[in-house]
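Reader: I am new to this structure. Please show me how to read its features.

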Amino acid sequence: MDPNQVAELRKFVEQLKSNPSILHDPSLIFFKEYLRSLGAQVPKIENTERDYEDKAETKPSFSPKHDDDEIMESDVELDNSDVVEPDNDKTPQPMGDPTVEVTDENREAAQSEKSKAMGAISEGKFDEALDHLTEAIMLNPTSAILYATRATVFLLVKKPNAAIRDANVALQFNPDSAKGCKARGMAKAMLGLWEEAAADLHVASKLDYDEEMGLALKKVEPNVKRIEEHRKKYQRLRKEKELQRAERERREQQEAQEREAVAALKDGQVISIHSTSELEAKTKAAKKASRLLILYFTATWCGPCRYMSPLYSSLATQHPRVVFVKIDIDEANDVAASWNISSVPTFCFMRDGKQVDKVVGADKGSLEQKIAQHSSSK
C-alpha cells in the first residue's frame, strides 16, 4: 500500500480507539459490516447503532393532515372496460356547407356514395367508407342521415369525438334523429361520460329502439347508478359536515359569550351595582354562565347591614362561582323601587333570570343555608 494511505489508516484507527462512536456514522455502515463479517464485536453506545441505521436506512413517514371539515372523496368503482382514449385529431373531419343549394342530381350522387360506403362497411373497409360518406356529405350537406351514418363509422374506428361532432350536426338538422342520438350516446359511453350517454340512449330508445341500444344501456346504466349513489353519499356527508360545522361554531360562540360573561362576574368578589342597566347586564351574564345571582340590598345608615356586609364579602370568597352583587338603595333607588324593597338588608336569589328565593333581615344562618342550597341545585 501507499505509505500515505497506511498513515491515514493508522490515524483513522487511532481516532476509533479514542472515540468508537465514529464507527456508527451512517457513511461508515459498509466498514462496520465488514468488521462484523470478520467476527469483530462492534460496541454499542448511548446513541445505538440501531439509531444510526434507522436514520440512514429509513425514510420519515408523513401522514397528511386534513381539515376536520374536508371530505376526501374516494373514486367510484365503474366498469370502464370499453372506455377508449379520446381522439383529438388536429384536423376534424370535413363538414358540408349548409348554405349550398342541393340539386336533385347532387342528392342522387350523394345517395350513390352512401351505397358505396355501406358496401365498404360490410367488407370492414372503414376508411374507405368514411371517404364515401364524406363525399356524400359534401354533395348533400343538410342530410341528417348522412352525418348520423358517418358517426356510426367513427364509432367502429374508435373515434368517439368525431362521432359526437357528426351526431351533433345530424341532430341540428333533425332533432328526432334516433340514429344521431344513439351514435352520440354510444360515443359518450366510449369516453366514460356515463350520465350523458344514458340520457342520449334513453331518448334514442324512445324514438326507435333496437337491440344494440338495449345492450348499450345495460352497460351504461349500472355505472350511472353507481355515480348517483356516490353523489348522494357525498352530498349527505357534506350536509352532515355543514351541520357539524354550524354546531361547532354555535358552541364556540356560546363558549366565548360564557367566557366573556364569567370575566365580567369577578369571581370571589362583591360587585357594586349603581343602575338598572348595570344590574341587567350582570343578570344576563349570570344567566349565560349558569350562575346563581344574589342581590344584596343595603344602605349606609342601616346598622344590621353593617353587620352583614363583612359576612357577605366572606361568603363571596367562599363561593367564587356564585355572583354576589350589592345595591345601595339610596344610590340606586330606581333598582330598589323596581324590586319593591321595603326594608334592608334584603337578599334576593336569582337563577336563570328569575327570583328563586329571598332572605329579609340580618339572618346570617338563613343566608348561609340558602346559598349552600341554591348554589348546589344546578
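Author: Start with strand pairing. Two strands pair if DSSP finds at least two bridges between them. Here, in this predicted model, strand 2 (residues 293-298) and strand 4 run antiparallel, joined by five bridges. Leu293 has Met350 as its bridge partner in strand 4. Strands are DSSP runs of E, at least two residues long, numbered from the N terminus.

Reader: How many bridges join strand 4 to strand 5?

Author: Six, and these strands also run antiparallel. Opposite Thr346 stands Val360 of strand 5. Two residues lie between the strands of this hairpin, where Asp352 takes a positive phi near 55 degrees.

Reader: Are the residues of strand 4 buried or exposed?

Author: Buried means under 20% relative accessible area, exposed over 50%, partly exposed in between (1.4 Å probe, protein chains only). Six of the six residues of strand 4 (residues 346-351) are buried. Thr346, Cys348 and Met350 point one way; Phe347, Phe349 and Arg351 point the other.

Reader: What should I know about the numbering and the limits?

Author: Residues are numbered from 1 along each chain as its sequence is written. Local features need pLDDT of at least 70, side-chain atom pairs count only at pLDDT 80 or more, totals for chains, interfaces and linings use all residues, and side-chain values use heavy atoms, leaving out hydrogens and water.

Note on methods. Helices (H or I, at least four residues) and strands (E, at least two) are DSSP runs, numbered from the N terminus.
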